[in-house]
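Let's take a walk through this protein model, helix by helix.

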Amino acid sequence: MARSRPEESEESEESEESGEAQGAQGKRPSLWRNRDYLYWWSGNGLSTLGTSVSTLAFPLLILYATGSATQAGTITVLHMLGKLGTLAVGGALADRVSRRAILCLVPLVEAVSMAAVALLVYRGDPPVLGLDALALVSGLAAGLKVGVSTPVLRRIVPKEQIATATAQGMGRDMVVQLVGAPLGGLLYSMARWIPFLFDAVSFVFITLSSLFIRRPLGPDRYADGERRTGLAEDMRDGLRLIRRSDYLVFTLAWGALLNTVAQGLTLLFVVLVRHRGGGPTAVGVATSLAVVGGVIGAVAGPWLMRRLGARRVLLLSSWVFVASFAVVALVPEPWQIGLVLMAGMISMVPMNVVIESYEVRLVPDAYLGRVAATSQFFFQALQWIGPLAAGVLADTLGVEAAVLTLAVAMALLALALHTARRQLSVLDVPLAEVVELPAPPPAAGRPSETEPEPVPPHAGGSTLKR
């Protein structure tokens with residue numbers, strides 16, 4: 001699928017967006033001087049804060065109205081299912097229609113749905129089925145929005161600063177989680193409808209920030225006379241591109257398993273704190289320490305990549321994460337559990353920075369939306385297995401044995417990194433020098449004007465798979 005590509009002219013404009021020119025020493029100006037990046041970072045941060053507030057308020061509201069924990073869980077599950085249902089579609093849409101339009105319109109749908117929740121709660125005795133339906137609508141819209149995030153970031157950030165921008169986004173979200181829960185509780189105590197109105201207003205900031213971004217966000221227009229493929233065919237092309245890259249295939253499978261294990265540990269750490277005699281306050285303190293660790297990891301990730309290289313960071317981080325699993329099962333005090341989890345999060349965030357940064361550099365802009373959305377779909381589609389398996393292990397083997405079992409699973413994942421030298425060979429290349437993957441050859445029955453290009457040696461250690 002060929003498209004007219006104005007990237008070369010846009011690359012030359014990047015210096016204007018981030019501070020006009022590189023400094024005398026050849027270094028890019030700080031991302032905080034990139035106006036478009038600031039709009040993107042702040043708009044998404046405020047929206048994430050609103051979502052964090054309503055995420056706490058929703059189950060509290062249902063528990064207050066019905067007294068049923070099952071119904072409180074149902075509303076959360078409906079939002080998650082809605083998001084999963086539109087993730088892949090959102091990624092494909094991001095590669096075929098205006099990304100700016102998606103970023104402007106979809107958050108308004110989320111804002112209206114949360115405003116409707118606030119209105120129902122304000123009037124008193126809100127219908128549970130109505131709240132469930134609005135949570136589902138919000139999730140469906142969220143899936144479409146997520147598909148646009150990665151390709152937009154690539155358009156507004158210079159390629160050598162992708163890792164820094166990815167880490168700063170993760171750090172922002174960690175801080176938001178730290179602030180969002182207590183803020184949600186405070187707003188809910190003032191009036192039950194306020195958290196949902198707060199969330200509704202927060203979505204508007206994404207729309208406003210998207211309007212202020214000056215850089216073209218894509219996708220590039222089709223060349224005159226080029227046949228436009230269907231949405232389903234675009235989604236299949238994204239999967240075919242993933243299959244062409246050993247790096248993308250490996251990290252998709254490895255990352256999905258890592259996320260499953262990490263979600264299991266999230267449940268077990270709460271159980272373990274309680275098992276050690278800690279109450280809700282101790283759980284909150286330990287959670288806060290873990291979030292602080294994530295923020296530190298987000299700051300350290302790009303710095304470590306520059307000094308140690310991406311492969312060493314990935315290997316070192318994975319083994320530190322393994323060690324945190326083993327140690328957390330042995331320490332006796334809840335606050336010690338929090339400190340160990342903080343160390344684990346310091347190591348986990350750089351792993352994510354490495355994997356996501358190289359994915360963004362490898363995938364061509366025309367395919368980035370659907371590839372990133374496909375990755376997130378698999379990560380989120382499998383994550384429910386972690387808490388379920390962890391709960392079964394804790395009930396049958398005991399909490400400490402369950403944690404150590406997850407440590408063994410994580411150790412196997414760390415060992416897999418050592419055996420995947422070919423699949424991870426792209427990590428030996430500096431991020432700014434990574435060569436994009438070529439577009440996949442057309443599927444059978446589709447016209448092709450040119451033969452597919454061979455996969456470059458720095459494009460993810462890939463082999464062409466037909």
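Start with helix α5, which covers residues 128-156 in this predicted model. Its 29 residues reach 41 Å from the first C-alpha to the last. That is close to the 42 Å you'd expect at 1.5 Å a residue.

A nonpolar surface patch of about 840 Å² is built from L46, L105, L108, L197, V201, V204, F205, L208, L211 and F212. Two helices give two or more residues each to this patch: α4 (99-123) and α7 (194-212). Which of them gives the largest share? It's α7, with 7 residues.

L108 lies in α4, while S210 is found in α7.

| Residue | Relative accessibility | Class |
|---|---|---|
| L108 | 35% | partly exposed |
| S210 | 2% | buried |

Why does S210 count as buried? Because its relative accessible area is 2%, and the cut-off for buried is under 20%. L108 has 35% relative accessibility, so it counts as partly exposed.

And what does S210 touch? Leaving aside residues up to four places away in sequence, S210 is in contact with R100, L103 and C104.

Definitions and conventions:
Residues numbered from 1 in each chain as written. Predicted model: local features only at pLDDT ≥ 70, side-chain atom pairs only at ≥ 80, totals over all residues. Heavy atoms only, no water. Patch = residues over 30% accessible without salt bridge, like charges linked within 9 Å, V, L, I, M, F, W, Y side chains within 5 Å. Areas by Shrake-Rupley, 256 points an atom, 1.4 Å probe, with all protein chains shown as cover. Salt bridge = Lys/Arg side-chain N within 4 Å of Asp/Glu carboxyl O. Helix = DSSP H or I, 4+ residues; strand = E, 2+ residues; numbered from the N terminus. Buried < 20%, exposed > 50% of the residue type's maximum accessible area, 1.4 Å probe, protein only. Expected span 1.5 Å × (residues − 1). Contact = heavy atoms within 4.5 Å.
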